[in-house]
Amino acid sequence: MTRTARAFTNIALIKYWGKKNKQWKLPYTNSLSLTLDRFYTDTKLTIIDSDKDIVSLNHKILNDQENKRILNYLDTVRKLYSFEDHFQVDTVNHVPTSAGFASSASGFAALAGAINETKQLNLNRQELSILARNGSGSASRSIYGGFVEWIAGDSNETSFAKPIDETPKIDLVLLSVVINQQSKKISSTNGMENSVKTSPFYPNWVTLVASELQEIKQAIAKKDLQKIGEIAEHNAMSMHALTLSANPSFTYFAPETIRIIQIVKELRQKGIFAYATIDAGPNVKIICTKESLEKVQTYIEQQLSNVNTVIANIGSGIQYI
Ligand code: 2P0
């Protein structure tokens with residue numbers, strides 16, 4: 001039995017930053033994302049007659065150290081669904097090498113989908129989101145297209161994503177500005193744990209997310225692009241304030257990150273629609289409209305000579321191919 005699932009990555013407009021339960025990856029807060037069309041993972045799963053899983057990434061077999069996270073995940077899934085089968089997992093990431101996106105969201109969503117199909121678990125999308133979350137928190141949101149909210153919940157059964165609008169008719173485009181492709185020094189998992197444990201502002205973050213979620217959902221319903229941009233940018237900056245206020249402090253920003261934040265503000269002063277959001281790395285994702293995109297891209301390339309830019313539109317939920 002072989003099945004292939006395709007899942008797209010997502011960008012959080014209201015970020016997930018902190019777990020209240022590490023075993024089940026239960027977050028402290030809800031989060032809200034936009035699924036993107038440009039970056040996706042295809043995962044082919046085959047049941048094999050073996051007591052070990054085999055994992056390949058981009059056509060290269062991984063060693064035990066490299067695939068530890070996937071093997072642990074497959075063990076968790078076998079326990080959850082009480083089966084013994086082992087798999088050959090062939091994963092191909094269709095993320096332009098220079099796009100600056102993490103692949104764990106699309107990767108674990110595709111793997112969850114492929115397991116569901118191969119093992120004929122008949123999970124609905126809510127159950128699939130739960131299964132994906134067990135691999136990586138942000139993967140719970142990649143089951144759906146468009147705007148998606150991950151409900152924090154308080155148990156494995158109650159923490160899942162749900163769609164807000166899977167095919168929004170809204171004029172938003174994302175420009176990813178890639179300034180550094182080296183792997184990050186502090187993983188999201190460790191970064192959020194340090195922030196929860198040591199930032200004195202963490203309780204304020206939990207309060208802020210609750211109010212910004214309400215506001216951004218209203219703005220999405222009204223298609224108020226400016227409000228969506230303002231809230232997303234403020235939420236991202238607030239998340240990064242948690243890293244600077246951790247003890248010891250750390251940051252994902254590189255010098256160019258700050259320069260691009262300044263450029264985004266300069267663009268707005270010129271009346272060009274642009275808002276910045278940043279994940280657990282130095283690259284900046286700029287929320288644009290179709291009209292502003294070209295001006296933003298041209299201005300960035302004029303101001304900074306050594307950056308790559310990649311455009312993404314709104315993407316769809318998990319598919320089987
Ligand atoms: C997000 N990030 O909401 C946030 C914003 C990064 C910054 O979700 O530990 O790889 O596997 O649950 O999902 C990245 O964290 O972390 C992430 P785990 P994940 O998109």
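**Ligand shell, domains and core of the predicted model**

By class, the residues that form the shell around the ligand in this predicted model comprise four nonpolar, seven polar and three charged residues. In total, 14 residues surround the ligand, and the closest are Ala12, Tyr16, Gly137, Ser138 and Ser188. Residues of this shell are given both by domain 1 (2-169) and by domain 2 (173-312), so the ligand lies between the two domains.

The chain is divided into these two parts, domain 1 covering residues 2-169 and domain 2 covering residues 173-312, and their C-alpha centres lie 23 Å apart. To the contact between them, domain 1 contributes 24 residues and domain 2 contributes 31 residues. On the side of domain 1 that touches domain 2, the elements that give two or more residues are strand S1 (2-14), strand S4 (31-48) and strand S9, and the largest share, five residues, comes from S4. When the residues on this side of domain 1 are sorted by class, 14 are nonpolar, five are polar and five are charged.

The largest nonpolar core has 80 residues, and those with the most contacts inside this core are Ala109 and Ile286. Helix H2 provides the largest share of the core, namely eight residues. Because domain 1 and domain 2 both give residues to this core, the core lies between them. When residues up to four places away in sequence are not counted, Ile286 touches Leu175, Val177, Val264, Ala274, Ala276 and Val296.

In helix H3, which spans residues 125-133, the buried residues are Leu128, Ser129, Ile130, Leu131, Ala132 and Arg133. The elements that cover these buried residues include helix H1 (68-80), helix H2 (104-118) and strand S9 (160-165).

Some features of the backbone are found in loops. Asn58, in the loop between strand S5 (54-57) and strand S6 (60-61), has a positive phi of about 50 degrees although it is not a glycine. Asn58 has 10 other C-beta atoms within 10 Å, and because a residue with 12 or fewer such neighbours is classed as exposed, Asn58 is exposed. Asn122, which is placed in the loop between H2 and H3, likewise is not a glycine and has a positive phi, of about 55 degrees; with 8 C-beta neighbours inside 10 Å, Asn122 also counts as exposed. Finally, the peptide bond from Asn247 to Pro248 is cis, with omega near 0 degrees, and Pro248 is found in the loop between helix H6 (225-244) and helix H7 (255-269).

Terms used:
Residues numbered from 1 in each chain as written. Predicted model: local features only at pLDDT ≥ 70, side-chain atom pairs only at ≥ 80, totals over all residues. Buried ≥ 20, exposed ≤ 12 C-beta atoms within 10 Å, placed from the backbone. Helix = DSSP H or I, 4+ residues; strand = E, 2+ residues; numbered from the N terminus. Contact = placed C-beta atoms within 7 Å. Core = buried A, V, L, I, M, F, W, Y, C linked by C-beta atoms within 7 Å. Domains from an automatic or database assignment. Near = placed C-beta within 6 Å. Nonpolar A, V, L, I, M, F, W, Y, C, P; charged D, E, K, R; others polar.
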